[in-house]
Amino acid sequence: MTNNESTTRDERFAHGLEVLRAVDGEAGQRVIDSLADISPELGHQIVAWGFGEIYSRPELQPRDRQLVTLGMLTALGGCEPQLEVHINAALNVGLTPAEITEALLHSAGYCGFPKALNATFVAKKVFTERGILPATSA
């Protein structure tokens, strides 16, 4: 589905919500719900545009989109709550803990050890919560 004159705002939101649920599960819905009393329009745009338009594009598979997202959030720094959501999403779409930690290790060369460490500790929190530590390639 693309944003054109034949799709309504509600249709774009509904499509985006399907994609959000498939990728982020409950964590994504909690983010949207947390915006209801301060900026429901931001929540709408995240769902309709971010997931309905961008995440649903066929040129990258969901696991590849999550690798890109993890790298960007790590490089930005200060995005630990969003990184937590997207590490969960990465697991939801088939990335393994070993692949995630390798991506975060790889990021150290491009954005520095402090940001890679912060991201790795977020991954450790998520893996602990999901009962998947130690995160090894075996």
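I'll start with helix α1, residues 9–34, and helix α2, residues 40–55: their axes come within 7 Å and cross at roughly 100°. That makes α1 roughly perpendicular to α2, a term for angles from 65 to 115 degrees. The axes are lines fitted to C-alpha atoms over the stretch in contact, with angles from 0 to 180 degrees between N-to-C directions. Helices are DSSP runs of H or I, at least four residues, numbered from the N terminus.

This is a predicted model, where local features need pLDDT of at least 70, side-chain atom pairs count only at pLDDT 80 or more, and totals for chains, interfaces and linings use all residues. Residues are numbered from 1 along each chain as its sequence is written, and side-chain values use heavy atoms, leaving out hydrogens and water.

Next, α5 and α6. The axes of α5 (residues 97–111) and α6 (residues 113–129) come within 7 Å and cross at roughly 165°. The two are therefore roughly antiparallel, meaning an angle over 145 degrees. Residues of α5 including Leu104 and Cys111 meet residues of α6 including Phe113 and Phe127; contact means heavy atoms within 4.5 Å. By class, this contact has 10 nonpolar, 3 polar and 1 charged residues. Nonpolar covers Ala, Val, Leu, Ile, Met, Phe, Trp, Tyr, Cys and Pro; charged covers Asp, Glu, Lys and Arg; the others, Gly among them, are polar.

Last, the cysteines. How many disulfides does the structure hold? It holds 0, a disulfide being a pair of cysteine sulfur atoms within 2.5 Å. The sulfur of Cys79 has its closest cysteine sulfur in Cys111, 11 Å away, too far for a bond.

Key: Parallel < 35°, antiparallel > 145°, perpendicular 65-115°, else oblique.
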